[in-house]
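Welcome to a short tour of a protein fold.

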Amino acid sequence: PQVRYYSLVVSEGYGNPDGFARQMLVVNGTYPGPTIVANENDRMIITVHNAMLNNATAIHWHGLYQNTTPFYDGAHGISQCGIPPGQSFTYNFTLDGWTGTTWYHSHYQTQYTDGAVGALVINPSNATTNADGQQVTPAPTAPNLPEWDADFVVILQDWYHGQSQDVLEQYMSPNGPDGTQGDEPTPESGTINGQGQWLGGGTYQTFALQAGKTYRFRLINSGSLGNVRFSIDDHPLTIVSADGVDVQPVEVAGVEIAVAQRYDVLVRTNQTTGGQWWMRGTVLTDMFTYSLPDAWYDHRAVLSYPVASPSSTPLNSSSPDPGPGFPGLGDLGTKDYTALTPALAGVVPGPDVTYVVQDTFERAQNSLYYGYMNGTSWAPLEGETTMTLLSTPSFLSALVPGPSFPEGQYLLTSLNISVVDLILYNIDDGDHPFHLHGHRPWFVGTGSGAYDGQALNATGAMLRDTHVVPNYSWIALRFVTDNPGIWAFHCHIAWHMGAGLLMQIASQPQVALSYGMPQEVVEQCAAGQGGQGVNG
Ligand code: C2O
């Protein structure tokens, strides 16, 4: 293992990723920010400098376990109070066995929507690398997967033209435009690696490849609401990884990615005519309340490699998606739960305990619209985090399971290691991509309506850090409480989390307390960063 030093500067900037100029956020001056690359078990020392004028920030390393370092999880209000403007904070953690494709993003309010995102690629140890240091063979633990020649990160994101703070306020407020309270804000467009083409403006990224090779594209949906469909004209995709978990290869025409999810796909440059193809990152409009023209969501990049008979006509930007040109291939959808199986079929333990939690939305007394988990709507605490609260004996004792348990904002799964079935009942008309920090739960069941003790099935269960729960349905997630800490469990739709759709899961809190809060975190809180407590 190595020690890797990175430095990230979050600042306001003026940019026009899709051709529309707006004030946005950039990391080290770019959107998306720089890709962070490391190997399994490396130690990461990442200094984040907040160069914004007025707002605090915190950077979350999506999906990582942060085993023994839950206070470096970057979740504002839960693991830290927020880096004040003009100050820096150093995250210092080991990668504890996590490998694959993930991303980092601001976890302070809805800041990531404005551009504070970047890719995080973690290679297994003992994988072969190419001249650029990229992993080109599967992990030794999954030797039957195909090899490839080089890889690329592809960050797909729905894109808004307003500042996310204003957009969130309108969503929650009864005084938004045209009485739209509770209607998810509709993005204006989308980007691929920070480039989109709104109303014909903007620019296209070109992936200049070699013929006769296999490329691994690491797809990340860093968006705030919409599913994104990824495809490449005339080239089928082979899915080999989902949320950093190697899977048995599955060939598809396209893959639909929910917010915060990732897929790695292999693409073979085996065509002999043409020489240029559209890569498409289409923001799907099915979750949008307002219908804006589909053309606003059609975002593209160019795939190019030398072929025997090159075409003399340039790519036509209005050409519709011809499909992969291989009959019989479909898309992987966001709710095709059984289509993927882990490449390494591990043993899934049986559950010790089952908890049912539920999500809802309603208009509160103060007439604002909030998301609720178990009847509580989350907001960050004033100058305090859940991790710092752990040192308060009354808070710790309140976490001990009682007769009416589980209820409310905190779920204490167990004081010791145990296997938990967490049933999430979604009492809302929309689907939600739910993310559990610090874990990769197994998906062990789903059904419509309320959970009624239906049998769960862990055979070949897929594990990932972000699972979609369909509207008016439940999903069952199984995980082991072997990672002490207080972990956020939330819908990753930025507007839903911003409206409070987040609860916290305590795993072995006394052990987490014994890790010792770094002085920097304590000082941040003393600087008074934070919010106003649980919503009304
Ligand atoms: Cu991608 Cu709570 O995070």
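A nonpolar core is a set of buried Ala, Val, Leu, Ile, Met, Phe, Trp, Tyr and Cys residues joined through C-beta atoms within 7 Å. With that in mind, note that what you see is a predicted model. Its largest nonpolar core holds 134 residues, and the members that touch the most others are Leu 156, Leu 219, Ile 239, Val 255, Val 265 and Leu 477. In soluble globular proteins, nonpolar side chains tend to be buried together.

**The overall picture**

The protein contains six helices and 32 strands. Its C-alpha atoms fill a box of roughly 75 × 50 × 45 Å along the principal axes. For 536 residues, a compact globule would have a radius of gyration near 24 Å, and the 22 Å found here agrees with that. Buried residues make up 49% of the 536. Among contacts with a separation of 6 or more, 79% link residues 24 or more positions apart.

The UniProt record, an unreviewed entry, places the feature "domain: Plastocyanin-like" at residues 12-126, 151-281 and 412-510. Residues 12-126 are 0% helix and 40% strand, and the end C-alpha atoms of this span lie 40 Å apart.

**Around Leu 156 and strand S9**

Let's start from one of the core residues. Leaving out residues up to four places away in sequence, Leu 156 touches Gly 190, Ile 192, Leu 219, Ile 220, Asn 221, Gly 223, Val 228, Phe 230, Ile 257 and Gly 281. Strand S9 covers residues 150-159, and eight of its 10 residues are buried, so the strand is largely enclosed by the rest of the structure.

Which strands does S9 pair with? One is S12 (residues 214-221), in the parallel sense, and another is S10 (residues 189-192), in the antiparallel sense.

| Strand pair | Sense | Bridges |
|---|---|---|
| S9 and S12 | parallel | seven bridges |
| S9 and S10 | antiparallel | four bridges |
| S13 and S19 | antiparallel | five bridges |

Gly 223, one of the contacts of Leu 156, sits in the loop between S12 and S13. Is Gly 223 buried or exposed? A residue counts as buried if 20 or more other C-beta atoms lie within 10 Å of its own. Gly 223 has 30 within that distance, so it is buried. Beyond its neighbours within four places in sequence, Gly 223 is in contact with Leu 156, Gln 157, Asp 158, Val 228 and Val 259. Thr 113 is 110 residues away from Gly 223 in sequence, yet their C-alpha atoms are 6.8 Å apart in space.

**A helix with one buried face**

Finally, have a look at helix H1 (residues 164-172), where Ser 164, Val 167, Leu 168, Tyr 171 and Met 172 are buried. Seen down the helix axis, these residues fall within an arc of 130°, so they line one face of H1. The elements covering them include strand S24 (369-373) and helix H4 (494-498).

Definitions and conventions:
Residues numbered from 1 in each chain as written. Predicted model: local features only at pLDDT ≥ 70, side-chain atom pairs only at ≥ 80, totals over all residues. Buried ≥ 20, exposed ≤ 12 C-beta atoms within 10 Å, placed from the backbone. Contact = placed C-beta atoms within 7 Å. Helix = DSSP H or I, 4+ residues; strand = E, 2+ residues; numbered from the N terminus. Pairing = 2+ DSSP bridges. UniProt positions renumbered as here; feature names shortened; annotations may be inferred. Rg over C-alpha atoms; globule rule 2.2 N^0.38 Å. Arc of directions from axis to C-beta.
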